[in-house]
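Hello,

Here is the structure we talked about, for you to open alongside this message. My notes on one region follow below it.

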Amino acid sequence: MRKVLSSVFSALLLLMVILTGCSNDTKETASVEDKKVNSYPARQIELVVPFAAGGGVDLAARAVGEYLSKEWGQPVVVTNKPGGGGIIGAQYALKEAKADGYTVLVNNNSTSTMYEAGNSNPTLTAKDNKFVSRIAEGTLAYAVKSDSQFNSFKELSDWVKKNPEKLTWASVGPAGFSAFGVAEWLDSIGVDYKKTSMVSSEGSSDSAAKVAGGHVVLAVHTVGELYSLAESGKIKILAVQSAKRSPLFPEVPTVEEEGFKGLTVKWWTGLSFAKGTPDEIIKKWDSTIAKMEKDEQFVKELEKVKLQPSYLNAEEFTKAVNKEKDSFTKLAEKTGIRK
């Protein structure tokens with residue numbers, strides 16, 4: 001009997017030693033992770049822009065990087081990874097990079113809500129993101145050639161109702177910002193989106209050049225992206241899609257002033273991390289971005305690139321993205337954008 005009790009006691013003692021060791025290992029691991037979060041950032045951070053340099057997302061990202069580099073004392077650098085309508089760069093930041101807070105996606109609706117709404121089997125969805133903060137917005141504008149027969153947005157709309165097959169418009173992709181802007185407008189005036197023709201472009205500057213050269217009838221981009229060619233007199237802006245007139249084009253009416261209600265598509269850019277990124281790092285970014293959006297110098301930098309600060313915190317940003325995704329999915333299914 002004594003031998004049996006001795007064996008049981010020895011087994012229990014061994015089990016306690018093992019459990020104690022595991023507990024210590026877990027505490028040590030947790031302690032290491034806590035130290036990493038508390039000392040964050042300890043090295044260079046990569047802001048991944050999934051588009052070519054010079055566009056709205058890229059310019060906003062560079063303003064963010066400059067502010068954060070000074071604020072945190074660590075280099076925050078922009079890396080451009082264009083291709084696939086922005087999905088190549090987004091996939092790198094959200095699926096391939098380590099979820100340690102040192103790789104950040106500079107997101108926008110073309111690579112998130114519009115991409116997911118326009119594809120029945122998307123390789124990336126909103127659930128692959130941990131949204132941090134929305135940074136800025138840009139106002140949508142409708143542009144035609146400077147000597148176009150159309151002198152108002154209403155004139156263009158009336159012509160399209162009678163001649164939908166003659167409308168050509170430029171877009172970076174079949175499910176991007178321009179496509180959703182055109183689809184929402186055509187749906188509001190009762191024109192079949194599929195009867196019009198999209199012409200692929202390499203970006204907003206290429207779209208504007210195609211309009212100026214008479215290769216397409218219409219370009220739909222942000223006021224900032226169309227500003228230089230409009231100022232040089234090569235294209236003209238017929239209307240802007242915002243509650244108020246744009247300070248860049250105070251003489252151009254809003255779509256509501258032209259009699260069109262319910263047009264909501266607008267451009268935004270914000271930040272997101274890969275799933276698995278520690279919540280404390282997300283909170284640190286969000287609080288710093290909130291501070292940045294009140295900084296006069298940062299606001300001036302956004303104004304230089306024709307964007308408006310439009311901060312939303314992580315919770316508000318996530319809700320806004322999901323709401324927009326649901327709305328765009330309905331529009332994509334109705335108009336035939338969704339493939």
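Helix α7 packs against helix α8 with the two axes 9 Å apart and an angle of about 40 degrees between them. The two helices are therefore oblique to each other, and their crossing is right-handed. On the α7 side the contact is made by Ser204, Ala208, Ala209 and Ala212, and on the α8 side by Glu225, Leu226 and Leu229. By type, these residues divide into 5 nonpolar, 1 polar and 1 charged. Please keep in mind that this is a predicted model.

Helix α7 covers residues 204-212, and its buried residues are Ser204, Asp206, Ser207, Ala208, Lys210 and Val211. Besides α8 (223-231), the buried residues of α7 pack against the strands β5, β6, β7 (197-200), β8 and β9 (235-241). Just after α7 comes glycine 214, with a positive phi of about 80 degrees.

Strand β8 runs over residues 218-222; 5 of its 5 residues are buried, so the strand is largely enclosed by the rest of the structure. Which strands pair with β8? Strand β6 (residues 168-171) runs parallel to β8 and is joined to it by 2 bridges. In that pairing, tryptophan 169 has leucine 218 of β8 as its bridge partner.

Regards

Methods:
Residues numbered from 1 in each chain as written. Predicted model: local features only at pLDDT ≥ 70, side-chain atom pairs only at ≥ 80, totals over all residues. Heavy atoms only, no water. Buried < 20%, exposed > 50% of the residue type's maximum accessible area, 1.4 Å probe, protein only. Helix = DSSP H or I, 4+ residues; strand = E, 2+ residues; numbered from the N terminus. Pairing = 2+ DSSP bridges. Contact = heavy atoms within 4.5 Å. Axes fitted to C-alpha atoms, helices over the stretch in contact; angles between N-to-C directions. Parallel < 35°, antiparallel > 145°, perpendicular 65-115°, else oblique. Left-handed = near helix turned anticlockwise from the far one by under 90°. Nonpolar A, V, L, I, M, F, W, Y, C, P; charged D, E, K, R; others polar.
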